[in-house]
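This report describes selected features of a structural model. The sequence and the coordinates are shown first.

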Amino acid sequence: MFLPRVLHCDRRKMAAFMLSRRTAVLCRTLKGISASKTVLPANSQCGLLLQTASYNPRPLRLNIRDPYIPDKDSEKTPEWQKTAKYDRKLFGRYGSASGIDPASLWPSHKELDKIIAEENEWHPPLEVMLKNIAIKEKAETEKRLAKEKLIAANMAKMPKMVADWRRQKREAKLKLKEEKARRTKLLAEARERFGYAVDPRSPKFLEMVAEIEKEEKKKKKLLKRRLKEEQAAGVVQPPPTSS
Amino acid sequence: MSFPKKPGGKATDILQNLPRITLANLRPEPGSKKLWKRLLASHGGNRSGRGHKGERQRGNRPRLGFVGGSTPFYLAIPKYGYNEGHSCRPQYQPLSLKRLQYLIDLGRVDPTQPIDLTQLVNARGVTVQPLKRDYGVQLVDEGADIFAAKINIEVQRASEGAIAAIERNGGVVTTSFYDPISLGILIKPVPFFLRGQPIPRRMLPGEDMVPYYTNAENRGYLADPEKIQQARLALAQKYGYILPDISKDELYHMLSMRKDVRQIFFGLAPGWVVNMTEKKILKPTDEKLLKYYSS
C-alpha cells in the first residue's frame with residue numbers, strides 16, 4: 001500500500017484512513033490509463049480545496065497475493081486453462097508474475113498474415129470504398145436521367161397521340177353508323193320486295209343483296225362512262241371556242 | 001498542519017467528522033412509506049379484490065392478446081415492411097444538450113479535457129449496449145437554448161442544431177465511427193486491459209456510412225478540415241450567430257485534439273498492451289507488427 005496523493009489531516013484519522021484506501025485504489029486504477037480525470041477525494045478535506053466530484057470507480061480486485069497460475073504440464077488442469085487466450089488473461093491480471101512471455105501476446109507472423117488477408121478482403125480501404133460509392137451514384141443518376149428523358153419524350157408525343165386516338169374513335173363510330181344504316185336500308189328493301197320480314201341470314205336475303213350490288217355496280221359504270229364522255233366532250237369543246 | 005480559522009465552529013466540525021453517508025445511515029422520512037396491508041377479513045378479505053368465481057378469481061386468465069377465440073388484433077393486422085430488418089439497424093443512444101450541461105454543471109464531465117464516449121460512460125451520463133446493435137451516441141438538440149459550455153466532444157452522430165449550439169459557444173464537435181468491437185473496448189477499457197490483448201485498430205465505416213462520415217456538414221472525422229471550416233461558417237450564418245475564433249482561445253490545444261482514424265484511446269496507439277497490475281505499457285518491436293498496426 002503506497003501513500004495516496006491525498007492531504008492527511010491529523011484530526012480526522014479514521015475518515016482519512018478510509019478515504020486514503022479508496023483513493024489509493026483510485027490512483028492504481030487510473031495511473032495505468034491515460035485518463036484525464038483528476039484524482040480528488042469525494043468530500044473536501046478542508047475548506048481550501050475546491051470540491052469537484054469525479055466518477056466512482058469500481059475497486060479492482062486483482063488478487064495479486066494469491067494468484068492461481070495453472071500448471072501447464074500436469075494432466076489434471078483443464079484444457080481451456082492451457083490455451084493462449086487464458087495465458088493472455090493471466091498476463092493481463094498478474095503481469096510478469098504470471099510467468100508468461102509477453103511476446104506471445106501479439107499474433108505470430110502466420111496469424112498476422114491471416115489477419116491481414118481477412119482485413120483486405122472484408123474491409124477495403126477508403127479509396128476503394130469511395131470509388132464504389134461514386135460508381136453507384138453515377139449509375140443511379142444515369143438511370144434516373146434516362147427515365148426522366150423517356151418520360152419527357154413520351155409526354156411531348158402525347159397531344160398528337162391523343163388527337164390520333166380521338167380521330168380513330170370518331171371514324172370507328174361513323175363506320176358503325178354507316179354500317180347500321182346500310183343494314184336497315186337493305187332490310188327495308190327486302191321487306192318491300194318479299195312482303196315479309198326476311199331473316200338477314202337466309203339465302204334469299206343474300207341473293208337479294210347480291211342482286212342489289214350488281215345493279216349498283218352497273219350504275220356506277222354507267223356514271224363513269226358518262227363522266228368520261230362529258231369530260232371528253234368538255235375538253236374538245238373549249239379549244240374551238242378559245243381559239 | 002495549521003489551518004486558518006474558519007467560520008461555523010463546532011457544527012461544521014461535527015458535520016465533517018461524521019462518517020460518510022451509506023445506505024446503512026439513511027432511512028425514509030417518517031410517514032412517507034405506507035406499509036403493505038395484508039388482506040385479512042372484513043373489507044380487505046372475503047374475495048380479496050379478485051371478483052366472483054371464474055378465471056379472474058382462480059388466476060387462470062388466458063395469455064396477453066387472447067380475445068376469446070376470434071383472430072386477435074395482433075394477428076389480424078397484416079404485416080408490412082416497416083420493421084423489416086429492424087434488428088440489424090444501427091442504433092445510437094441519444095444524448096441531449098440539456099443532459100450534457102447537467103453533467104458538466106455537476107462536475108461529472110470535465111469540460112477542460114476532450115469529451116469522449118469513455119468519459120460519458122464513466123460519468124454514467126449515457127449507457128451504451130454494443131450487443132444491442134448500439135453503435136454509439138448521438139447528440140440531440142434538446143436544451144440547445146440553455147447550453148453554455150465550451151467543449152471538445154466526439155460523438156457518433158450529431159444533429160445540425162446540436163452542432164450549431166456547441167460551436168456557438170466556441171466548442172468543437174466531431175462525429176466518428178467505432179465498429180462494435182472497438183465500441184465495447186471504448187466503453188469498458190479496464191476489463192479490456194485485463195484481457196491482455198493488444199489494442200486493436202479501429203475499423204473504417206461500411207460503404208453505407210462512409211458518405212455520412214466524409215461529409216463536412218456532419219463534422220465527420222474523414223472529412224476535409226478546410227471544408228469543415230467552411231461548413232462552420234455556413235452554419236453560423238444559417239443559425240445567425242458569430243462564429244468565435246478558437247485559434248485565439250487559451251484552450252486551443254485541447255480543442256484541436258483529435259483522434260487518429262485508427263486510434264481508440266487518446267494517448268494510446270493500436271498494438272500496445274496495457275498492464276494494470278504493473279502499470280506498464282508494452283509496445284511491439286517487430287517490424288511486421290509495427291507496419292500492420294501503424295498502417
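## An enclosed helix

In this predicted model, helix 6 of chain B is largely enclosed by the rest of the structure, because seven of its nine residues are buried. The buried positions are B:Gly161, B:Ala162, B:Ile163, B:Ala164, B:Ala165, B:Ile166 and B:Glu167. Just after helix 6 of chain B, B:Gly170 adopts a positive phi of about 90°.

## Nonpolar cores

The largest nonpolar core holds 48 residues, and the members that touch the most others are B:Leu97, B:Leu100, B:Leu117, B:Leu139, B:Ile151 and B:Ile153. Two or more residues of this core come from each of several elements of chain B, including helix 4 (97-105), helix 5 (117-122), strand 2 (134-140), strand 3 (152-155), helix 6 (160-168) and helix 10 (225-239). Helix 6 of chain B supplies the largest share, five residues. A second, separate core has twelve residues, among them A:Ile133, B:Tyr92, B:Phe177 and B:Val210.

Which residues are in contact with B:Leu117, leaving aside its neighbours within four places in sequence? They are B:Val126, B:Val128, B:Val137, B:Glu154, B:Gln156, B:Leu183, B:Leu186 and B:Ile187.

## The annotated domain

UniProt, in an unreviewed entry, lists residues 94-174 of chain B as "domain: Large ribosomal subunit protein uL15/eL18". In the model, this span is 30% helix and 23% strand, and its end C-alpha atoms lie 16 Å apart.

## B:Ser176 and its surroundings

B:Ser176 is located in the loop between strand 5 (172-175) and helix 7 of chain B. This residue counts as buried because its relative accessibility is 0%. Its side chain makes a polar contact of 3.1 Å with the side chain of B:Glu154.

Beyond its neighbours within four places in sequence, B:Ser176 is in contact with B:Glu154, B:Val155, B:Gln156, B:Arg202, B:Tyr213 and B:Tyr221. B:Ser176 and B:Pro205 are separated by 29 residues in sequence, while their C-alpha atoms are 9.1 Å apart.

## Cavities

Rolling a probe the size of a water molecule over the atoms shows where empty space is left. Three cavities of 30 Å³ or more are found in a search of the whole structure, and the largest cavity contains about 70 Å³ of space.

The lining of the largest cavity is formed by B:Pro114, B:Ile115, B:Asp116, B:Asn152, B:Ile153, B:Glu154, B:Thr174, B:Met257, B:Arg258, B:Lys259 and B:Phe266. Strand 3 of chain B contributes the most to this lining, with three residues.

## B:Thr277 at chain A

B:Thr277 occupies the loop between strand 6 (273-275) and strand 7 (280-282) of chain B. With 16% relative accessibility, B:Thr277 counts as buried, since the cut-off is under 20%. Within chain B, the side chain of B:Thr277 makes a polar contact with the side chain of B:Asn275 (3.0 Å).

The side chain of B:Thr277 also reaches the backbone oxygen of A:Arg93 at 3.5 Å. Leaving aside its neighbours within four places in sequence, B:Thr277 is in contact with A:Leu62, A:Ile64, A:Gly92, A:Arg93, A:Tyr94 and A:Gly95.

Terms used:
Residues are numbered from 1 along each chain as its sequence is written. Chains are lettered from A and ligands numbered from 1 in the order in which they are written. This is a predicted model: local features need pLDDT of at least 70, side-chain atom pairs count only at pLDDT 80 or more; totals for chains, interfaces and linings use all residues. Side-chain values use heavy atoms; hydrogens and water are left out. UniProt positions are given in the numbering used here, feature names are shortened, and annotations may be inferred rather than shown by experiment. Helices (H or I, at least four residues) and strands (E, at least two) are DSSP runs, numbered from the N terminus. A nonpolar core is a set of buried Ala, Val, Leu, Ile, Met, Phe, Trp, Tyr and Cys residues joined through side-chain atoms within 4.5 Å. Buried means under 20% relative accessible area, exposed over 50%, partly exposed in between (1.4 Å probe, protein chains only). Contact means heavy atoms within 4.5 Å. A polar contact is a pair of N or O atoms within 3.5 Å; within protein, one must be able to donate a hydrogen and the other to accept it, and residues adjacent in sequence count only if both atoms are side-chain atoms. On a 1 Å grid over the protein atoms alone, a cavity is a set of points where a 1.4 Å probe fits but cannot get out, and a pocket is an open set with protein on both sides within 12 Å along at least five of seven lines; lining residues have an atom within 4 Å of a point. Grid points are joined across faces, edges and corners, and a volume is the space filled by probe spheres set on the points.
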